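Q: Hi! Could you walk me through this one while we both have it open?

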Amino acid sequence: MVVEIVSAVVVVGGAWLAAGVRVVKQYERGLIFRFGRVRSRVQEPGLKLLVPFVDRMQKVNMQIVTMPVPAQDGITRDNVTVRVDAVVYFKVIDPVVAAVNVQDYRAAVGQVAQTSLRSIIGKSELDDLLSNREHLNEGLELMIDSPALDWGIHIDKVEIKDVALPEAMKRSMSRQAEAERERRARVISADGELQASHKLAQAAATMADTPSAMQLRLLETVVQVSSEKNSTLILPFPVELLRFLDAHTPKQAAAPAAPVAPAPEPEAVEAKPEANGHGTPSPRTPGDAALPTAD
């Protein structure tokens, strides 16, 4: 009988101890509620023993939470419709406040992030959303962190992930970028032509003193063009080159002129009668006299 009583006491005691044993993980902190009232002491990681049926433990995760913010539609300050989504990184710094002051701190942080994102869209311009995101991220972090401090939450970082633009705005921006690149290309080309003109003017002034250098440059240009066998070259022949060649060509003695034969004298023609009464001229010597003819 005594053995049975002792065994029953041991079993009841073991069950009582098992009901009060809790394990807190390394990344968690434990809050003990005794008769519904939270105790100020936060339970560190390890094996903890509670008073069964009196204490209740609530575990709070202390890890950094990554929460995506759903895409929000808004109108920027320069009247452009955009769709922006973001991501929030936060963690619990005060487990007691996070468990007591707010019912669900995750949902609360998500709602504050959405409203803050809409507000930051309305206060910013499109160029800021596309190129100045770091400044917007800092402003968004401050807007979310202000109410979160009262909940025992610390906002570690907020980042804007994507900015979706309408198709018409994308086409307009692409045309703007294309026009800007074309403007830069024209400015660079004009600058290059200006620098080349200065160099050509200096080269022309140098070659003006030596005409032979000009002719050599012309011949070199002809050689460069003729290396490509897919074009026809029409080259004007300058008079200066002829003068240059004439000045450097040795003079040769002129050959004696051959005697010119006298031209033969024309022969006289004598008219002969024909059957129709008209006469035809006939050849005659220069010494013969023309005889009169009777009608």
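Q: How many salt bridges does the structure hold?
A: The structure holds nine salt bridges, where a salt bridge is a side-chain nitrogen of Lys or Arg within 4 Å of a carboxyl oxygen of Asp or Glu. This is a predicted model, in which local features need pLDDT of at least 70 and side-chain atom pairs count only at pLDDT 80 or more, while totals for chains, interfaces and linings use all residues. Residues are numbered from 1 along each chain as its sequence is written, and side-chain values use heavy atoms, with hydrogens and water left out.

Q: Which residue does R29 bridge to?
A: R29 forms a salt bridge with E44, with the closest N and O atoms 3.5 Å apart. R29 is in strand β2 (residues 28-34) and E44 is in the loop between β3 (37-38) and β4, so the pair ties together parts 15 residues apart in sequence. Strands here are DSSP runs of E with at least two residues, helices are runs of H or I with at least four, and both are numbered from the N terminus.

Q: What does E125 meet in a salt bridge?
A: The side chain of E125 meets that of R77, at 3.4 Å from N to O. This pair links distant parts of the chain, 48 residues apart: E125 is in the loop between α3 and α4 (126-131), and R77 in the loop between β6 (65-75) and β7 (81-92). R77 is exposed, at 52% relative accessibility.

Q: New topic: at what angle do α3 and α5 pack?
A: Helix α3 (residues 105-123) and helix α5 (residues 133-148) pack at about 140°, with their axes 9 Å apart. Axes are lines fitted to C-alpha atoms, for helices over the stretch in contact, and angles run from 0 to 180 degrees between N-to-C directions. That makes α3 oblique to α5; angles under 35 degrees count as roughly parallel, over 145 as roughly antiparallel, 65 to 115 as roughly perpendicular and the rest as oblique.

Key. Buried means under 20% relative accessible area, exposed over 50%, partly exposed in between (1.4 Å probe, protein chains only).
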